[in-house]
Amino acid sequence: VSTQSTGSSGINAEYGVGNLNLVDLAGSERVAHSGSTGQRLKEAQAINTSLSELGNVIMALNEKKTHIPYRNSKLTYLLCNSLGGNSKTLMFVNVSPLDKHTAESINSLRFASKVNRCDIGTAKKNK
């Protein structure tokens with residue numbers, strides 16, 4: 001889900017524009033364990049690829065590389081304005097409390113921890 005909002009201050013004629021992107025990566029799982037076939041298998045593979053490319057973009061931003069691979073997936077291309085520069089990015093990770101999902105929960109937490117260690121800049125108010 002993506003939305004854009006514009007607002008102005010009645011006091012000093014300042015105005016701002018904001019974007020909110022909500023991305024649900026549910027289904028990012030180990031394909032071998034899921035037993036998915038057909039369309040669900042393709043969907044799981046696409047989500048895993050997008051998640052991997054998101055990690056590559058975040059690491060490239062953290063390492064201050066000259067080329068950021070935003071175009072390697074639709075997800076990172078759509079989020080390019082929200083991942084670097086003048087933006088604030090939050091990641092929420094849902095994990096399962098069930099023992100049978102421990103491996104997936106650990107992988108999700110490792111990815112979140114890797115992202116959390118990255119410094120991709122601080123959003124500043126444009127003047």
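**Stop one: a patch on the surface**

Select M91, V93, V95 and L109: together they make a nonpolar surface patch with about 290 Å² of accessible area. Patches here are built from residues with over 30% relative accessible area and no salt bridge, with nonpolar side chains (Val, Leu, Ile, Met, Phe, Trp, Tyr) joined within 5 Å. The areas come from the Shrake-Rupley method with a 1.4 Å probe, and for residues only the protein chains shown count as cover.

Before moving on, note that this is a predicted model, where local features need pLDDT of at least 70 and side-chain atom pairs pLDDT 80 or more, while totals for chains, interfaces and linings use all residues. Numbering runs from 1 along each chain as its sequence is written, and side-chain values use heavy atoms, leaving out hydrogens and water.

Now zoom in on V93, in the loop between α4 (80–83) and α5. V93 is partly exposed at 31% relative accessibility (buried is under 20%, exposed over 50%, partly exposed in between).

**Stop two: the core**

Next, pick L54, V57, I58, L61, I68, Y70 and L83, which touch the most other members of the 14-residue largest nonpolar core (buried Ala, Val, Leu, Ile, Met, Phe, Trp, Tyr and Cys residues joined through side-chain atoms within 4.5 Å). α2 (38–62) and α5 (102–116) each give two or more residues to this core, and α2 gives the most, with 6.

**Stop three: a salt bridge**

Finally, show K65 and E63, which form a salt bridge with their closest N and O atoms 3.4 Å apart (the cut-off is a Lys or Arg side-chain nitrogen within 4 Å of an Asp or Glu carboxyl oxygen). A search of the whole structure finds 1 salt bridge.

Definitions and conventions. Buried < 20%, exposed > 50% of the residue type's maximum accessible area, 1.4 Å probe, protein only. Helix = DSSP H or I, 4+ residues; strand = E, 2+ residues; numbered from the N terminus. Patch = residues over 30% accessible without salt bridge, like charges linked within 9 Å, V, L, I, M, F, W, Y side chains within 5 Å.
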